[in-house]
Amino acid sequence: MNGRVLALSGGVGGAKLALGLARVLDAGQLTVVANTGDDFVHLGLSISPDVDTLVYTLAGLADPERGWGHREETWGFMEALARLGGETWFRLGDRDLAMHVERTHRLAAGEPLSAVTDHVRRCLGIAAAIVPMSDDPVRTRLDTECGRLDFQDYFVRRRCEPVVRGIVYQGAETARPAQAWMQLLADEPLRAVVICPSNPLLSIEPILALPGVRAALAACAAPVIAVSPLIGGQALKGPTARLMRELGEEAGAGGIAHRYAGMIDALLVDAGDMPAARQADIEWIAAPILMDTLRDRELLAGAVLAAADRIAGR
Ligand code: GDP
Ligand code: CA
């Protein structure tokens with residue numbers, strides 16, 4: 001066994017645990033795979049929201065209040081755009097804009113997203129590797145009572161209000177998972193694979209939908225550990241619980257366990273969420289999964305690694 005840990009993550013919830021892991025692991029031992037199903041082109045700019053949340057969080061540049069975007073942000077660009085009658089439903093801060101401009105021109109020059117992301121990571125002094133799940137486009141779209149909606153149209157413009165009947169991950173079936181993380185999964189004796197407490201339907205499922213990923217996780221020798229994004233059947237933020245209910249899934253720890261069945265060895269849940277009847281093929285672990293402070297993030301990361309090491313030692 002070496003000390004390398006592979007974490008699958010969306011944006012805000014996933015990045016909290018990714019930061020905890022980055023802080024308790026030795027430098028360079030963490031690779032975070034970022035969902036890119038939320039990516040889109042807006043005002044001509046290539047935007048990768050979950051990649052950016054991970055980058056800003058791991059660089060210590062995330063806004064602590066909003067949970068997304070750059071800290072000490074200013075909004076001069078948005079104000080000027082509004083005066084010109086431009087589209088302002090997706091907020092782009094002045095500092096954040098630099099990221100999108102730099103990414104857009106590098107992609108246009110032929111650099112793959114993984115190379116652009118790695119370049120940005122090095123510029124910002126992040127020790128962990130951040131790997132977009134694929135260099136090929138995957139676009140999450142939602143079938144709703146208002147028809148099929150692009151992800152950001154549903155999530156930001158319509159504030160997750162339309163009732164969802166189904167989700168498609170367009171392009172996932174032909175997209176190749178980025179080599180940087182699939183190779184780790186296949187070749188390295190990893191310490192653990194961690195499924196962060198991200199939205200299972202919008203953040204983790206796009207990653208799992210890529211060819212070969214589910215099979216690679218099921219076959220992986222390292223312990224695969226998931227952390228529930230729900231506490232008491234509620235999401236801390238965002239539509240996770242509602243979306244699970246709308247799609248006929250149990251919005252609770254049991255529903256999370258069910259989604260990841262066959263892939264995970266253990267699930268960390270809030271002590272109050274231990275179901276009486278639980279799936280026997282995974283280990284259920286009660287842990288403090290609420291991450292308000294930096295210390296909470298480190299403690300949860302420690303609990304995840306302890307579970308992995310215990311399972312690997314069996
Ligand atoms: P997004 O891409 O920005 O929507 O973020 P993610 O998909 O990574 O995370 C959204 C999920 O994070 C929601 O389901 C939240 O309930 C969950 N979440 C946010 N904060 C916490 C926390 O402190 N602990 C846990 N366990 N989950 C959290
Ligand atoms: Ca996201």
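Predicted model: local features only at pLDDT ≥ 70, side-chain atom pairs only at ≥ 80, totals over all residues.
## The calcium site

Start with the calcium ion, ligand 2. Its protein donors are Asp 38 (OD), Asp 50 (OD) and Asp 50 (OD). They lie 2.1 to 2.6 Å from the ion.

Where do Asp 38 and Asp 50 lie? Asp 38 sits in the loop between strand E2 (30-34) and strand E3 (40-42). Asp 50 belongs to helix H2, residues 49-58. The pair therefore ties together parts that are 12 residues apart in sequence. Asp 38 is buried, at 6% relative accessible area. Asp 50 is buried too, with a relative accessible area of 6%. Both values fall under 20%, so both residues count as buried.

## Two crossing helices

Helix H1 covers residues 12-24, and helix H12 covers residues 294-313. Their axes come within 7 Å and cross at roughly 75°. How do H1 and H12 lie, parallel or perpendicular? The two helices are roughly perpendicular to each other. The reason is the angle: values from 65 to 115 degrees count as roughly perpendicular.

Which residues make the contact? From H1 come Lys 16, Leu 17, Leu 19, Gly 20, Leu 21, Arg 23 and Val 24. From H12 come Leu 294, Arg 297, Glu 298, Leu 300, Ala 301, Val 304 and Leu 305. By class, the contact of H1 with H12 has nine nonpolar residues, one polar and four charged.

## Aromatic pairs around Phe 40

The structure holds four aromatic pairs. One of them joins Phe 40 and Trp 89. Their ring centres are 6.4 Å apart, and their planes stand at 40°, so the pair is tilted. Phe 40 lies in strand E3. Trp 89 lies in the loop between helix H3 (76-83) and helix H4 (94-108). The pair therefore ties together parts that are 49 residues apart in sequence. Trp 89 is partly exposed, with a relative accessible area of 21%.

Phe 40 also pairs with Phe 90. Here the ring centres are 4.8 Å apart and the planes are at 70°, so this pair is edge-to-face. Phe 90 sits in the loop between H3 and H4, 50 residues from Phe 40. Phe 90 is buried, and so is Phe 40. Together, Phe 40, Trp 89 and Phe 90 form one aromatic cluster.

## Two positive phi angles

Most residues other than glycine have a negative phi. Glu 72 has a positive phi of about 50°, although it is not a glycine. Glu 72 is found in the loop between H2 and H3. Glu 72 is exposed, with a relative accessible area of 59%.

Cys 160 has a positive phi as well, of about 60°, and is not a glycine either. Cys 160 lies in the loop between helix H6 (151-157) and strand E8 (164-170). Is Cys 160 buried or exposed? Cys 160 is buried, with a relative accessible area of 9%.

Arg 139 lies in strand E6, residues 139-144. At 26% relative accessibility, Arg 139 counts as partly exposed. Beyond residues up to four places away in sequence, Arg 139 touches Thr 36, Gly 37, Asp 39, Phe 40, Val 168, Tyr 169 and Gln 170. How far apart in space are Arg 139 and Tyr 169? They are 5.5 Å apart, C-alpha to C-alpha, and 30 residues apart in sequence.

Val 138 is found in the loop between strand E5 (129-132) and E6. Val 138 is buried, with a relative accessible area of 0%. Leaving aside neighbours within four places in sequence, its contacts include Thr 36, Gly 37, Tyr 169, Ala 175 and Leu 210. Val 138 and Gly 14 are 19 Å apart in space, C-alpha to C-alpha, and 124 residues apart in sequence.

## Gly 233

Gly 233 is found in the loop between strand E11 (230-231) and strand E12 (234-235). Gly 233 is buried, with a relative accessible area of 14%. Which residues does Gly 233 contact, leaving aside neighbours within four places in sequence? They are Ala 241, Arg 245, Ala 251, Gly 252 and Asp 273. Gly 233 and Glu 298 are 65 residues apart in sequence and 24 Å apart in space, C-alpha to C-alpha.

Technical notes. Residues numbered from 1 in each chain as written. Chains lettered and ligands numbered in written order. Heavy atoms only, no water. Donors = N, O, S within 2.8 Å, 3.2 Å for Na, K, Ca; no water. Helix = DSSP H or I, 4+ residues; strand = E, 2+ residues; numbered from the N terminus. Buried < 20%, exposed > 50% of the residue type's maximum accessible area, 1.4 Å probe, protein only. Axes fitted to C-alpha atoms, helices over the stretch in contact; angles between N-to-C directions. Parallel < 35°, antiparallel > 145°, perpendicular 65-115°, else oblique. Contact = heavy atoms within 4.5 Å. Nonpolar A, V, L, I, M, F, W, Y, C, P; charged D, E, K, R; others polar. Phe/Tyr/Trp six-rings, centres within 6.5 Å; stacked < 30°, edge-to-face > 60°.
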